[in-house]
Amino acid sequence: MWELLVSPQKRVQKRRMEVGRPAVGGCLFCITVNLLLQVLAEVPEEEVRGRNALEQTKPSVSGQRSALLPGGPKRHVMGRGDTVTINCSGFDQHGVNPAAFQAVFDRKAFRPVINYSIPTHVNISFTLSAILEVDAQLQLLTSFLWLNLMWDNPFISWNLEECFGINKLTMSVENLWLPDIFIIESMDVDRAPAGLTAYVSNEGRIKYNRPLRVTSICNLDIFYFPFDQQNCTLTFTSFLYTVDSMVVGTDKEVWEITDMSRDIIQTQGEWELLGINKATPRLLVGSSVYDQIIFYVAIRRRPNLYVINLLVPSGFLVAIDALSFYLPAESENRAPFKITLLLGYNVFLLMMNDLLPASGTPLISVYFALCLSLMVLSLLETVFITYLLHLATTRPPPMPQWLHSLLLHCTSPMKCCPTAPQKGNWGLGLTPAHLPGLKEPVELVQKVPGPQEAELNGCPGSTKGQQEDEAQKQHLVSLWVQFSHMMDTLLFRLYLLLLATFITTVIVLWNT
C-alpha cells in the first residue's frame with residue numbers, strides 16, 4: 001500500500017540506484033586489476049629470472065625417485081634432496097671460507113652416501129717404512145706404517161672454473177666423516193698424532209694419510225733360526241659397518257706397495273722385507289658379515305751376525321776336537337786337552353745364550369747340543385782307550401779267541417788264518433815299532449834277564465821256559481796295545497761319520 005502511495009518520480013529514482021550498484025562494483029574490480037599489473041610490470045627482469053631458476057631447481061618427488069634408481073639421472077642430494085653449493089667467492093684473495101663447507105661439516109656424524117642401501121667403498125693401502133722389533137718370546141711384530149685411506153663424499157663438489165682452478169683442498173679430519181678402519185692383529189692403542197688433515201678434491205674424493213706404529217701379533221716359527229723367514233699378517237676391516245654398509249679394497253697393486261716399501265724403508269737392522277701379498281676374504285661374526293683385506297708381509301732375518309758369532313766359533317771348537325784324535329793315545333795330554341775344549345765350549349754357549357731365541361727350540365740349539373754330545377763322546381772314547389792301554393801295560397788279561405781272530409782279520413785282511421810264530425812273534429805281522437807313539441813292549445813290562453845276568457844276580461833257576469813265558473807276556477801286551485789302537489781308529493772314523501752326517505742334515509734343513 002505504501003508503494004502505491006509513492007509518487008512515480010521517486011519510483012524511477014529508486015530503480016536507477018539499484019541498477020547502478022553493479023556498475024560501480026565492476027569499475028572497482030577493473031581498477032584493482034590495473035594496479036596489480038602495474039606493480040608486476042615494475043618488478044626487475046633479473047628477479048623474475050631468479051624466481052624461475054629457483055622453481056626449476058626444486059626437485060620433484062619423481063625426480064628424487066629417479067635419482068635413486070640405477071638408470072635415473074645422477075644428482076647430488078642430501079637429506080631431502082638439497083644440494084650443497086660451495087661458494088668460491090673470495091678464495092683467491094681471502095682464502096677458503098669455512099662457511100662454504102659448513103653444511104658438510106654439520107653432517108660428519110653420518111655416512112656420506114646418497115642412498116643408505118649403497119655401501120661406501122674405502123680403498124686401503126700402506127707403506128712399510130720400518131721394521132722396529134720382532135719379539136719371538138711374545139710373538140709380536142712392531143712396525144711403522146704410513147696408512148692411506150681413500151673414499152668418496154658425494155656431497156662435496158665445486159666447479160673448477162668458478163673456484164679459480166682449485167682442484168683440491170686440505171681439511172681437518174675432525175670436521176669430516178672417517179671410516180672406522182682398524183687392524184685386527186694390533187695389540188696396542190692407536191698412537192697417531194692429533195690434528196691431521198686430509199686432501200679433498202673437487203669431485204668429493206677424500207685422501208687421508210697418517211703415520212701408524214703397529215704392534216701386531218705374528219705367528220713366529222723360529223725352528224730355522226737364524227735362517228728363518230716369517231710371514232706376518234695385517235688385517236684391515238671395519239669395526240662397526242658390515243658388508244652392506246662398507247666395502248674395503250685397494251687402489252694399488254701389491255707389487256707397487258712392496259716396491260714403495262723397499263725404496264723408503266729406513267732400517268737396515270736384523271730383518272729385511274721380502275714381499276707383500278693380499279687376500280680379501282669375508283669375516284663372519286655371528287649373523288653379521290664384515291668385509292676385510294689381509295696383507296701378508298714376508299720378512300727374512302739377516303743371519304750374518306749369528307753366523308759370525310755362533311756358528312763359526314762352534315765349528316772351530318768341534319774341528320779342534322776332531323783333530324785331537326791325532327795326538328798319541330799314550331800321551332798324557334790328550335784327555336786334559338779334550339776336557340779343556342769341553343769346558344771352553346760350555347763357556348761359549350753361556351756367553352752366546354743372549355743371542356738365541358728365548359722361547360722354542362730352534363735348529364741351531366739342536367746343533368749346539370749335538371756338538372756338545374760329540375765332544376763328550378770324544379772324551380769318553382779317550383778315557384776308554386787310556387784304560388785299555390793302562391790295562392795292557394800293567395796286567396794284560398788273556399785275550400779271547402774271537403777277539404784274537406778279529407784282530408788278526410783287521411790287521412792282516414789278506415790272511416785267512418794266523419801264521420806260525422817266528423822268533424818270538426806270535427802270528428801278527430805288525431811289530432810294536434809300526435805303531436806310532438807306542439813304546440816298546442819290553443819297556444812296558446819287566447825286562448827279561450839273560451843267562452849271564454841270571455847267574456850274576458844269583459838266579460841259576462832261570463831257564464828257557466821262563467824266557468818263553470816272558471815272551472808270551474810281551475806278545476799279549478802287544479796284542480792289547482794293537483787292539484787299543486785299532487779301537488781308537490775305529491771310534492775316530494765313527495766320530496767323523498757322525499759329525500759329517502749331522503752337519504749335512506743341518507745344512508739340508510736350513511736350506512729347505
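Modeller: Helix H9 (residues 334-351) packs against helix H10 (residues 363-394) at an angle of about 165°, and their axes are 9 Å apart. This is a predicted model, where local features need pLDDT of at least 70, side-chain atom pairs count only at pLDDT 80 or more, and totals for chains, interfaces and linings use all residues. Residues are numbered from 1 along each chain as its sequence is written, and side-chain values use heavy atoms, leaving out hydrogens and water.

Biologist: Why are H9 and H10 called roughly antiparallel?

Modeller: Their angle is about 165°, and angles over 145 degrees count as roughly antiparallel, so H9 and H10 get that label.

Biologist: What makes up the contact of H9 with H10, by class?

Modeller: Residues including Leu342 and Tyr345 in H9 meet residues including Leu372 and Met375 in H10 (contact means heavy atoms within 4.5 Å). By class, there are 13 nonpolar, three polar and three charged residues.

Biologist: Why does glutamine 139 count as partly exposed?

Modeller: Buried means under 20% relative accessible area, exposed over 50%, and partly exposed in between (1.4 Å probe, protein chains only). Glutamine 139 has 23% relative accessibility, so it counts as partly exposed. It lies in the loop between strand S1 (120-135) and strand S2 (140-152), and has a positive phi of about 60° without being a glycine.

Biologist: And what makes phenylalanine 164 partly exposed?

Modeller: Its relative accessibility is 44%, so phenylalanine 164 counts as partly exposed. Phenylalanine 164 sits in the loop between S2 and strand S3 (168-172).

Note on methods: Axes are lines fitted to C-alpha atoms, for helices over the stretch in contact, and angles run from 0 to 180 degrees between N-to-C directions. Helices (H or I, at least four residues) and strands (E, at least two) are DSSP runs, numbered from the N terminus. Angles under 35 degrees count as roughly parallel, over 145 as roughly antiparallel, 65 to 115 as roughly perpendicular and the rest as oblique. Ala, Val, Leu, Ile, Met, Phe, Trp, Tyr, Cys and Pro count as nonpolar, Asp, Glu, Lys and Arg as charged, and the others, Gly among them, as polar.
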